[in-house]
Amino acid sequence: MICIIMGSESDLKIAEKAINVLKEFNVKYEVRVASAHRTPELIEEIVKNPEIEVFIAIAGLAAHLPGVIASLTLKPVIAVPVDVKLCGLDALLSSVQMPPGVPVATVGVDRGENAAILALQILALKDKELYNKLLEYRNKMKEKVYNSDEKIKKMFK
């Protein structure tokens with residue numbers, strides 16, 4: 001199972017990007033709200049759930065949520081920095097500048113969908129069916145680019 005934790009309900013529009021991908025792949029997930037600063041005990045409770053295999057942490061501003069989660073588990077944590085201020089640079093740097101020994105994978109600012117795909121790739125290491133679905137997903141993306149290329153070539157002949 002994948003657990004999406006938002007630092008605030010205002011992060012829902014980013015979480016929905018991840019949720020849509022997870023629904024498409026029919027993967028079990030849960031969505032929670034917990035604050036690294038205001039409810040650390042809730043984060044601890046969530047992290048203890050043995051069903052969770054990968055965490056997606058969505059946070060803006062100082063974005064300590066992914067690091068706090070990573071400090072409490074050895075399971076993969078994927079940070080999604082949110083563009084709240086400074087074009088998301090503050091949140092991005094908080095996620096990628098983790099101290100040695102407590103890594104957090106980080107996707108681009110507001111890229112909830114990429115966090116979901118990365119989480120699926122992690123789960124696909126043990127799930128051949130999921131792996132094949134991801135291959136199909138990539139092939140569809142590739143096909144879309146080839147179709148666009150053909151369309152544009154025809155427009156400018």
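Mentor: Lysine 28 has a relative accessibility of 52% and therefore counts as exposed, where exposed means over 50% relative accessible area, buried under 20% and partly exposed in between, with a 1.4 Å probe and protein chains only. This is a predicted model, in which local features need pLDDT of at least 70 and side-chain atom pairs count only at pLDDT 80 or more, while totals for chains, interfaces and linings use all residues. Residues are numbered from 1 along each chain as its sequence is written, and side-chain values use heavy atoms, with hydrogens and water left out.

Lysine 28 forms a salt bridge with glutamate 51, their closest N and O atoms being 2.9 Å apart; the term asks for a side-chain nitrogen of Lys or Arg within 4 Å of a carboxyl oxygen of Asp or Glu. The pair links distant parts of the chain, since lysine 28 lies in the loop between α1 and β2 and glutamate 51, 23 residues away, in the loop between α2 (40-47) and β3. Glutamate 51 is partly exposed, at 45% relative accessibility.

Helices (H or I, at least four residues) and strands (E, at least two) are DSSP runs, numbered from the N terminus. Helix α1 covers residues 12-24, and asparagine 26, which follows α1, has a positive phi near 55°. The buried residues of α1 are Ile14, Ala15, Ala18, Ile19, Val21 and Leu22. Seen down the axis, they fall within an arc of 160°, so they line one face of the helix, the arc being that of the directions from the helix axis to the C-beta atoms. The face turned away from this buried side carries the exposed residues Lys13, Lys23 and Glu24.

Key: The expected span of a helix is 1.5 Å times one less than its number of residues.
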